[in-house]
Amino acid sequence: MVFGGSPDEITDRIHLHGLLGHTRQILQMDVGGMPQRDFLHGIELLGTKVLPQLRAEPATS
């Protein structure tokens, strides 16, 4: 599955997978397919936007 979109959209999709019973998410980024600044910005968004939202609002069944 490909996750793409804003930090809020990524958080929503991860929550959806949790509601479907998925217990683990593996995220992978294409290092060679994008400029380094964009790659690093993506990592920054995961750590500063997505992860805090996931920790604050765990998926509920």
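Which residues make a nonpolar surface patch of about 300 Å²? Keep that in mind while you look around; you're viewing a predicted model.

**Whole chain.** Start with everything selected. You'll find two helices and zero strands. Along the principal axes, the C-alpha atoms fill a box of roughly 40 × 20 × 15 Å. Of the 61 residues in the chain, 13% are buried. The chain exposes about 4,900 Å², and carbon and sulfur atoms supply 55% of that area.

**The nonpolar patch.** Now select Leu16, Leu19 and Leu20: this trio makes the patch from the opening question. Click on Leu20 and you're in the loop between H1 and H2. Leu20 counts as exposed because its relative accessibility is 58%, and the cut-off for exposed is over 50%.

**The negative patch.** Next, pick Asp8, Glu9, Asp12 and Glu57, which form a negative surface patch. Asp8 sits in helix H1, which covers residues 7-19. With a relative accessible area of 46%, Asp8 is partly exposed. While you're on charges, colour them across the chain: there are 5 positive and 7 negative side chains, and the centres of the two sets lie 6 Å apart.

**Over to H2.** Select residues 36-56 to see helix H2, then find Leu40 inside that stretch. Is Leu40 buried or partly exposed? Its relative accessibility is 45%, so Leu40 counts as partly exposed.

**Last stop: contacts.** Show the contacts between residues at least 6 apart in sequence; 51% of them join residues at least 24 apart.

Conventions: Residues are numbered from 1 along each chain as its sequence is written. This is a predicted model: local features need pLDDT of at least 70, side-chain atom pairs count only at pLDDT 80 or more; totals for chains, interfaces and linings use all residues. Side-chain values use heavy atoms; hydrogens and water are left out. Patches are made of residues with over 30% relative accessible area and no salt bridge: like charges are joined within 9 Å, nonpolar side chains (Val, Leu, Ile, Met, Phe, Trp, Tyr) within 5 Å. Accessible areas come from the Shrake-Rupley method with a 1.4 Å probe; for residues, only the protein chains shown count as cover. A salt bridge is a side-chain nitrogen of Lys or Arg within 4 Å of a carboxyl oxygen of Asp or Glu. Lys and Arg count as positive and Asp and Glu as negative; His and the chain ends are not counted. The place of a charge is taken as NZ of Lys, CZ of Arg, CG of Asp or CD of Glu. Helices (H or I, at least four residues) and strands (E, at least two) are DSSP runs, numbered from the N terminus. Buried means under 20% relative accessible area, exposed over 50%, partly exposed in between (1.4 Å probe, protein chains only). Contact means heavy atoms within 4.5 Å.
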